[in-house]
Amino acid sequence: LARAGYQVRVITRANNRAAIEAAQAHYAGLDVQFHYYDLPSWCRGWKRGGRGVHLYYLLWQWGAYRRARRLAAERTFDVVHHITFGVFRKPSYMGRLGIPFVFGPVSGGEAAPKALRRGLPWRGRLVDALRDAANWAVRLDPMMRDVFRRADVTLCKTPDTLHRVPRCFRSKCRVQLEVGTAAPNTPPAGRPETGEFQVLFVGRMVYLKGLHLALAAFAHAFGDGGARLTLIGSGRDQGWARAAARRLDIDRRLEWQPWMPREQLLAHYALHDVLLFPSLHDSSGNVVLEAMAAGLPVVCLDLGGPGVLVDRRCGVAVPPGPPETVIA
């Protein structure tokens, strides 16, 4: 925005100051200034580990709004843009500044189809049920209705989230994915010949990434061998996924690798034939974009961000349905 000639003021957490100041050379000659706000030290720990994060978020947003109100009293702003957390269930108070207000991009309206929840760990089924209830309750939440009412534009990452916004506010909504990736500096290299079809999964080892579907699909397609599946990532459901692989009798043809820096990960795309990414409710899809930029075709579910990104020109977006149909 600053490079386009706008005067930009950014409110962010104080713990970002060191990284921002270290990168000040990127902003040389541009009219962009950062203003730092943080909650008292005694409540910052609420954000870690997920406990108390929602209360923390509400309080931080209120403090950031008060800081923005002081800035707005000192100068005239043309627009205020809220981009934190990116969830349509979490409020912003910036619409109360009385200037044009852009809310988003926001997501969270995506949901795993009921049929594909079979086989999830009990905790995953419970979490998704609670998520469904929270999404439904947004239409009754007076705080969120106030946010949508005050917003001049609400940017929704996917059509799923758009349809969760109360109907009377949808005319002010726009669907717009927020992800992007730079073109590689060099053309994608050809994959070295190994004699096996190389399948790649990249993501957190959590149920919502559709790990059980990835493993079952691999077993169905390559039950007689001739292929290898590499899974890169870490997470609380890795033990559940490994147990599923043993039940399918494919564990000998799997390679599990922990999460790695992005620079290392990018090199792995060139070593495989396809990215298998059956996420159940991913609103974005950074991994999908990175794979496509590396020339790697993608097989995903036609859900959320990946379903928006992938078509026949770059892979296959599988329509959701019963697990046996999706796996086949």
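Predicted model: local features only at pLDDT ≥ 70, side-chain atom pairs only at ≥ 80, totals over all residues.

User: Where does Leu130 sit, and is Leu130 buried or exposed?

Analyst: Leu130 belongs to helix H4, residues 122–137. Its relative accessibility is 54%, so it counts as exposed.

User: OK, charges next. How many salt bridges are there?

Analyst: The structure has 16 salt bridges. One of them joins Lys209 and Asp282, with the closest N and O atoms 2.4 Å apart. That pair ties together distant parts of the chain, 73 residues apart: Lys209 is in the loop between E7 and H7, and Asp282 is in the loop between E10 and H10.

User: Are those two buried or exposed?

Analyst: Lys209 is buried at 9% relative accessible area, and Asp282 counts as buried at 13%.

User: And what about Arg252 and Asp249?

Analyst: Their side chains meet in a salt bridge at 3.4 Å, N to O. Arg252 counts as exposed at 62% relative accessibility, while Asp249 is partly exposed at 46%.

User: Switching to the sheet: what's the strand order?

Analyst: It's an open sheet of four strands, E3-E4-E5-E6, with parallel pairing. E3 and E6 are at the edges with a single partner strand each, so one side of each has no neighbour in the sheet. The twist averages 20 degrees from one strand to the next.

User: Which helix lies across E4 and E5?

Analyst: Helix H5, residues 142–150, running at about 115 degrees to E4.

Conventions:
Residues numbered from 1 in each chain as written. Heavy atoms only, no water. Pairing = 2+ DSSP bridges. Helix = DSSP H or I, 4+ residues; strand = E, 2+ residues; numbered from the N terminus. Axes fitted to C-alpha atoms, helices over the stretch in contact; angles between N-to-C directions. Contact = heavy atoms within 4.5 Å. Buried < 20%, exposed > 50% of the residue type's maximum accessible area, 1.4 Å probe, protein only. Salt bridge = Lys/Arg side-chain N within 4 Å of Asp/Glu carboxyl O.
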